[in-house]
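Biologist: I would like to go through this model with you. Could you start with the terms and then take the details in turn?

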Amino acid sequence: PPAVTTPTPPPGLPPAATRRRPPDWQARSGYPPVLAETYVETSRFTGASYRAANWIWAGYTKGRGKLDTGHQHAQPVKDIYLYPLHSRCQPILAGHG
């Protein structure tokens with residue numbers, strides 16, 4: 001996508017919260033997070049603020065909620081954005097870290 005600028009941070013996870021979450025998470029779970037994810041409902045929002053904050057667009061959901069055991073696809077399709085919290089997040093998540 002083209003470069004985007006916006007005066008406001010993403011509403012779901014502003015940059016300060018992205019920096020603060022790893023210590024909080026590690027204190028509760030015993031290991032640090034290496035990747036953050038968020039979902040943007042494309043019928044209502046463009047995701048421009050996430051792209052401007054260097055989040056990586058990773059694809060679309062299928063419109064299934066976590067409780068959709070009957071494959072109804074009743075939820076809206078959403079964009080998936082990822083934000084690396086560790087410089088080696090890919091090998092860590094692949095089990096090579």
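Modeller: A definition comes first: pLDDT is the predictor's confidence in each residue, on a scale from 0 to 100. The protein chain averages a pLDDT of 79, and 76% of the residues score at least 70. This is a predicted model, in which local features need pLDDT of at least 70, side-chain atom pairs count only at pLDDT 80 or more, and totals for chains, interfaces and linings use all residues. Residues are numbered from 1 along each chain as its sequence is written, and side-chain values use heavy atoms, with hydrogens and water left out.

Biologist: What share of the chain counts as buried?

Modeller: Of its 97 residues, 24% count as buried. Buried means under 20% relative accessible area, exposed means over 50%, and partly exposed lies in between, with a 1.4 Å probe and protein chains only. The protein chain exposes about 7200 Å², of which carbon and sulfur atoms supply 55%. Those areas come from the Shrake-Rupley method with a 1.4 Å probe; for residues, only the protein chains shown count as cover.

Biologist: Now Y81. Buried or exposed?

Modeller: Y81 counts as buried because its relative accessibility is 1%. This residue lies in strand β3 (residues 78–84).

Biologist: What does Y81 touch, neighbours within four places aside?

Modeller: Contact means heavy atoms within 4.5 Å. On that basis, Y81 is in contact with A36, E37, T38, V40, T46, G47, Y50, R51, W55, I56 and W57, leaving aside neighbours within four places in sequence. Y81 and W55 are 26 residues apart in sequence, with their C-alpha atoms 5.9 Å apart in space. For the protein chain, 62% of the contacts between residues at least 6 apart in sequence join residues at least 24 apart.

Biologist: T46 is on that list. Where does T46 lie?

Modeller: T46 lies in the loop between β1 and α2, and T46 is exposed, with a relative accessible area of 56%. Beyond neighbours within four places in sequence, T46 is in contact with R51 and Y81. From T46 to D79 the C-alpha separation is 8.9 Å, across 33 residues of sequence.

Biologist: And T42?

Modeller: T42 lies in the loop between β1 (35–41) and α2 (48–52). T42 is partly exposed because its relative accessible area is 36%. Not counting residues up to four places away in sequence, T42 touches V77, K78 and D79. The C-alpha atoms of T42 and K78 are separated by 5.4 Å, although the two residues are 36 apart along the chain.

Biologist: Changing topic: which residues line the second largest pocket?

Modeller: Its lining consists of Y39, T61, K62, G63, R64, G65, K66, Q75, P76 and K78. The pocket has a volume of about 190 Å³. A pocket is an open set of points on a 1 Å grid over the protein atoms alone, where a 1.4 Å probe fits, with protein on both sides within 12 Å along at least five of seven lines; lining residues have an atom within 4 Å of a point. Grid points are joined across faces, edges and corners, and a volume is the space filled by probe spheres set on the points.

Biologist: Where is G63 found?

Modeller: G63 is found in the loop between β2 and β3, and G63 counts as buried at 1% relative accessibility. G63 and Q75 are 12 residues apart in sequence and 4.6 Å apart in space, C-alpha to C-alpha.

Terms used: Helices (H or I, at least four residues) and strands (E, at least two) are DSSP runs, numbered from the N terminus.
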